[in-house]
Amino acid sequence: MLYRRHLRIKVLQSLYSWYTGGTSDIMAGEKQLLTSIDKLHDLFLFQLSFLVEIKRFAEIRIEENKSKFYPTEEDLNPNKKFIKNKVLIGIENNNEFILSENRLKVNWTHQTDLLMKFYNLIREKEFFKNYMASEDKSIEADKKVLIKIIDQCLPGYDLLKSFYEEKSVYYTDGYDLVILLLIKFIENFNSKFSSETSLPGIYKPALNGKNEDREFVRVLYKTVLRNDSDIDEELKHRTKNWEFERIPIMDIILLKMAIIELQKMETVPVKVTLNEYIELAKYFSTNNSKVFVNGVLDRLIKEYNQEGKINKSGRGLQS
């Protein structure tokens, strides 16, 4: 469910915490890192539940409006397109989703204000009005409106963020990342989804009993820290044109992670490592970091190849 880039981001965040004094025990840091990734799945389920609860809230409002002393024509003949959204109904009736709500003890009973404000927020959006007015009742139309709700309404909804803050610090840290996971899930939703369909896990399914993505996280995190002093010396030698102490800490961490992937991870292609860390530098460090990280890694790769320090298994992984 998580791409390797997402996993690299989680390792990056944990290493940043280590280097800035957030933790000083490697095993404890690893445990906290793996817990933070596991909690992403819980938050993913909470967010699915929130979207389903908005549908339930809309259903209640429709029934209440019918009972008005002087109901309007709209009250008596409401537009039910949203509450009949095939994706939300599919999730709501999914057995694993129901069990997950019970396991996590999800309860929105006392969150009427939270639900009402979000429901009113999406109703004012032009894309939602167009969806409700459209005659298109396809599953694709239902998917598109949910993706827009997730992409345009969830990121800035501070009331929901505050709700999660009270539940877990991990939920706060993972909020933006889970939005990406929700969009990915909705994009892949299709008519074959049923009550028996398994919801996606946080990692790719294990092969031969071994979870490669979880192992990737563990090895990357621990190997960077256990080789820290050696990598420091190597970087100082390779960055003589810069004052090492003045290089942004995020750039140093990104380079350390990349070096471990290049030297220690036989199945990760060199080009993937290069491209991934250039992209991470662009999003998580300074304006000049992308060029700096690109330059250092490009030089390192050439020198490592000459020194025989890059040993990749499989065709196409060396370059």
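Student: Among contacts in the chain between residues at least 6 apart in sequence, what percentage joins residues at least 24 apart?
Tutor: This is a predicted model, in which local features need pLDDT of at least 70 and side-chain atom pairs count only at pLDDT 80 or more, while totals for chains, interfaces and linings use all residues. Residues are numbered from 1 along each chain as its sequence is written, and side-chain values use heavy atoms, with hydrogens and water left out. Taking contact to mean heavy atoms within 4.5 Å, the share of contacts between residues at least 6 apart in sequence that joins residues at least 24 apart is 79%.

Student: How many helices and strands does the chain have?
Tutor: Helices (H or I, at least four residues) and strands (E, at least two) are DSSP runs, numbered from the N terminus. The C-alpha atoms of the chain fill a box of roughly 80 × 40 × 35 Å along the principal axes, and the count for the chain is 15 helices and 0 strands.

Student: Of the 319 residues of the chain, what percentage counts as buried?
Tutor: Buried means under 20% relative accessible area, exposed over 50%, and partly exposed in between, with a 1.4 Å probe and protein chains only. On that scale, the buried part of the 319 residues of the chain is 46%.

Student: Why do the buried residues of helix 9 line one face of the helix, and within what arc do they fall?
Tutor: The buried residues of helix 9 (residues 158-165) are Leu160, Phe163 and Tyr164. They line one face of the helix because, seen down its axis and judged by the directions from that axis to the C-beta atoms, they fall within an arc of 95°.

Student: Which helices do the buried residues of helix 9 pack against?
Tutor: Leu160, one of these buried residues, is in contact with Gln47, Phe50, Trp108, Leu114, Leu154 and Tyr175, leaving aside its neighbours within four places in sequence. Taken together, the buried residues of helix 9 pack against helix 2, helix 6 and helix 10.

Student: What volume does the largest pocket have?
Tutor: On a 1 Å grid over the protein atoms alone, a pocket is an open set of points where a 1.4 Å probe fits, with protein on both sides within 12 Å along at least five of seven lines, and lining residues have an atom within 4 Å of a point. The largest pocket is lined by 16 residues, of which Glu74, Asn79, Tyr119, Arg123 and Met132 lie nearest its centre. Helix 2, helix 3 (73-76), helix 6 (112-123) and helix 7 (126-133) each supply at least two residues of that lining. With grid points joined across faces, edges and corners and the volume taken as the space filled by probe spheres set on the points, the value is about 420 Å³.

Student: Which helix supplies the largest share of the lining of the second largest pocket?
Tutor: This pocket, with a volume of about 340 Å³, is lined by 14 residues, of which Arg4, Glu212, Phe216, Thr267 and Val268 lie nearest its centre. Helix 1 (4-19) and helix 11 (212-226) each supply at least two residues of the lining. The largest share, 4 residues, comes from helix 11.

Student: Is Arg8 buried or exposed?
Tutor: Arg8 is found in helix 1, and, not counting residues up to four places away in sequence, Arg8 touches Phe216, Met257, Glu261, Val268, Val272, Glu276, Tyr277 and Leu280. Because its relative accessibility is 2%, Arg8 counts as buried.

Student: What is the phi of Lys105, which is not a glycine?
Tutor: Lys105 lies in the loop between helix 5 (95-103) and helix 6, and, at 71% relative accessibility, Lys105 counts as exposed. Most residues other than glycine have a negative phi. Lys105, although not a glycine, has a positive phi of about 55°.

Student: How far apart in space are Glu187 and Lys144, C-alpha to C-alpha?
Tutor: Glu187 is found in helix 10 and counts as partly exposed at 48% relative accessibility. Leaving aside neighbours within four places in sequence, Glu187 is in contact with Lys143 and Ile147. Glu187 and Lys144 are 43 residues apart in sequence, and their C-alpha to C-alpha distance is 8.3 Å.
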